[in-house]
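Please follow along point by point.

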Amino acid sequence: MAVTRTFSIIKPDATRRNLTGAITKMLEEAGLRVVASKRIHMTRDQAEGFYAVHKKRPFFGELCDFMTSGPVVVQVLEGEDAVKRNRDVMGATNPADAAEGTIRKTFAEGIEANSVHGSDSEENAKIEIDFFFKPEEVVG
Ligand code: IDP
């Protein structure tokens with residue numbers, strides 16, 4: 001299995017509850033290595049640009065409000081089959097549907113405030129990493 005990279009966000013509901021370390025530990029225990037990390041407060045433009053794919057969805061405005069409501073931690077994660085590995089440890093979008101032991105089952109407050117983002121494909125991972133990080137900020 002090839003070592004690949006994915007993009008992760010620890011969302012405002014989680015930073016507010018001081019869960020950055022607990023979530024990062026679960027990512028590391030799932031076999032992922034943090035090769036870039038920074039805490040930022042997303043601008044409205046960044047949130048709208050990042051979630052542009054959801055522009056037509058009814059929850060788009062609220063999602064952008066939420067993602068700019070407090071600090072987030074953006075990360076690049078590296079590991080074998082990183083996109084799938086991360087999606088597996090994140091759990092389903094709605095914590096009510098997420099499997100036991102996943103980050104969202106353990107920590108999420110609801111379908112919107114669901115504690116973490118993770119890229120859904122290698123193609124999107126590359127786009128999302130480039131959205132937030134310069135190449136020299138990623139140290140494998
Ligand atoms: P994902 O984060 O599991 O990939 P997506 O469908 O790509 O899920 O949705 C992006 C984000 O939008 C979710 O993580 C969640 O924060 C929010 N979201 C998704 N569906 C809903 C909804 O029905 N109501 C409110 N927020 C939602």
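1. The shell around the ligand has three nonpolar, three polar and four charged residues. Here Ala, Val, Leu, Ile, Met, Phe, Trp, Tyr, Cys and Pro count as nonpolar, Asp, Glu, Lys and Arg as charged, and the others, Gly among them, as polar. The shell residues are Lys11, His54, Phe59, Leu63, Arg87, Thr93, Arg104, Ile111, Glu112 and Asn114, each with a heavy atom within 4 Å of the ligand.

2. A word on the source: this is a predicted model, in which local features need pLDDT of at least 70 and side-chain atom pairs count only at pLDDT 80 or more, while totals for chains, interfaces and linings use all residues. Residues are numbered from 1 along each chain as its sequence is written, and side-chain values use heavy atoms, with hydrogens and water left out.

3. Have a look at the oxygen atoms of the ligand. A polar side-chain atom of Arg87 lies 2.9 Å from a ligand oxygen, one of Asn114 lies 2.9 Å from a ligand oxygen, and one of Arg104 lies 3.0 Å from a ligand oxygen. Taken alone, the ligand exposes 530 Å², and the protein buries 79% of that (Shrake-Rupley method, 1.4 Å probe).

4. Where does the ligand sit? The space it takes is the largest pocket, where sitting in a pocket requires more than half of the molecule's atoms to lie within 2 Å of its grid points. A pocket is an open set of points on a 1 Å grid over the protein atoms alone, with protein on both sides within 12 Å along at least five of seven lines; lining residues have an atom within 4 Å of a point.

Technical notes
Polar contact = N/O pair within 3.5 Å; in protein donor to acceptor, adjacent residues only side chain to side chain. 1 Å grid on protein atoms, 1.4 Å probe; cavity = no way out; pocket = protein on both sides within 12 Å on 5 of 7 lines; lining within 4 Å.
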